[in-house]
Structures are given as C-alpha cells and as structure tokens.
Amino acid sequence: MGHGQSMALTLVGQRQREALTEEGMELLIHRYGDSLLRLCTLYLRDPYLAEDAVQDTYLKVWRHYQGFQGRATEKTWITRIAINTCKSYLSSAWRQRVEMTEVAQVLERGLQNGSGDRDAYERLDRTLDLMKEIMELKEKYRLVILLYYYQELPVPEIAKIMGRQESTVFSLLKRGREQLRAKLPREVWEVL
C-alpha cells in the first residue's frame, strides 16, 4: 500500500464508518477478488455459480459496509460473507449437483483415447479424487481444510471466520486430514 493510500475499510472516529466509495470497492475487488473466486469455486464446484457468488458477496459488502465493526480483518469479514453466500446457493431448491465436472469428463475421455500426457492426467485425477473427498466431508471439516490449504489463511483468521477457538480449528484440521487419509491412497493425501 502506498503512503497516502488507506485501507478500503477505514474507521471514522471510533464507531461510525463512511460509506464505501467506488474507489474503495475497486480496491476490495482488486485485493480479494481472485482469492474469493477460488474459495467459491472450490466450495460450489461450479465456476459460473462461483462468479455469481462473488458478485453477490461484493453486493452484500457494498450494502452492509457501514455495519462492519472491525472486530475482524476486512479479509475475514468478506470471506465469511462469501462462505455464507455459498451456503445459501447450495441450499437453494433450484441448485442441482453435478457429480462429474467438465474437467473430469475431459480427463476420462483423454485416458480412454490414450491421448495426452499420462502423468498430467494422473496428477489431475489425484487432485480430483482429493477434491471429491474434501467436498464429501462434513461441512466443519471441509470448510477448515479449504480455508487452510486452499485460501492459505492462518488458524487465528480461520477461527474468527468460523466463530470457534483456535484449538478447535486445529482439532478440526487434524480430524479432517485423518478422514481423508482413511479414504484415499497415500499419493493423493500426502500433500496434507
């Protein structure tokens, strides 16, 4: 951040925030957009739906900006909004789950035809196996693993996002990893 540039969400006095400016919103989008899109894509398993979720997240940030109390970092606050948005997308009645992604279909066709780089296909296949198992974990384990490994958030930030103690987050990480290890071959889970 430059010398004259302030955080997008600055505290005015002790209790009141200014309205979010267009420049402040652009700064938030620039700062967190890629990270939120990755998180929403992993959570929803649909890149197009993830783009919608990120847009809805930023609309909520715009609308509720003045209510941000600064009890957590702006990244934590915005990430929590994104997770809640993804949860509401998944619970919507119109949401249909797709068992096999387009990437998995391409992988399968390529392997059947014998075309392409077999090592690359095997790495992609292991990644898809890992992601499939992560997404089948109970939500509390899935969320902590996505935030820790894919969003690369530290445990204290994850604790704030989830509203839990740090020791609980460490326990959830440990149990989530154990569940994955029980379901997957070593070469797939060894990254955890």
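From the N terminus on, the protein chain runs α-α-α-α-α-α-α-α-α. That gives nine helices and zero strands; both are DSSP runs, numbered from the N terminus, with helices (H or I) of at least four residues and strands (E) of at least two. This is a predicted model: local features need pLDDT of at least 70, side-chain atom pairs count only at pLDDT 80 or more, and totals for chains, interfaces and linings use all residues. Residues are numbered from 1 along each chain as its sequence is written, and side-chain values use heavy atoms, leaving out hydrogens and water.

**Whole chain**

- Of the 192 residues in the protein chain, 39% are buried; buried means under 20% relative accessible area, exposed over 50%, and partly exposed in between (1.4 Å probe, protein chains only).
- The accessible surface totals about 12,000 Å², and carbon and sulfur atoms hold 48% of it. The areas come from the Shrake-Rupley method with a 1.4 Å probe; for residues, only the protein chains shown count as cover.
- Take the contacts (heavy atoms within 4.5 Å) between residues at least 6 apart in sequence: 61% of them join residues at least 24 apart.

**Salt bridges**

- The structure holds five salt bridges, each defined as a side-chain nitrogen of Lys or Arg within 4 Å of a carboxyl oxygen of Asp or Glu.
- One of them pairs Glu 139 with Lys 87, with the closest N and O atoms 2.8 Å apart. Glu 139 sits in helix 6 (residues 139–150) and Lys 87 in helix 3 (residues 74–91), so this pair ties together parts that are 52 residues apart in sequence.
- Both partners are partly exposed: Glu 139 has a relative accessible area of 31%, and Lys 87 has 29%.
- Glu 157 bridges to Lys 160, with the closest N and O atoms at 3.9 Å. Both lie in helix 7 (residues 155–162), three residues apart, about one turn of the helix.
- Glu 157 is buried at 14% relative accessible area, whereas Lys 160 is partly exposed at 45%.
- Lys 174 forms a salt bridge with Glu 178, the closest N and O atoms being 3.4 Å apart. The two are four residues apart in helix 8, so about one helical turn separates them. Glu 178 is partly exposed, at 39% relative accessibility.

**Surface charge**

- Lys 138, Lys 140, Arg 164 and Arg 175 gather in a patch of positive charge on the surface.
- Patch residues have over 30% relative accessible area and no salt bridge; like charges are joined within 9 Å, and nonpolar side chains (Val, Leu, Ile, Met, Phe, Trp, Tyr) within 5 Å.
- Lys and Arg count as positive and Asp and Glu as negative, while His and the chain ends are not counted. Each charge is placed at NZ of Lys, CZ of Arg, CG of Asp or CD of Glu.
- Arg 175 belongs to helix 8 (residues 166–183). Arg 175 is partly exposed, at 44% relative accessibility.

**Individual residues**

- Glu 133 lies in helix 5 (residues 118–136) and is buried, at 12% relative accessible area. Leaving aside residues up to four places away in sequence, Glu 133 touches Leu 180, Lys 183 and Leu 184.
- Arg 45 is not a glycine, yet has a positive phi of about 60°. Arg 45 lies in the loop between helix 1 (22–44) and helix 2 (47–64), and is partly exposed at 39%.
- Leu 20 sits in the segment before helix 1 and is buried at 8%.
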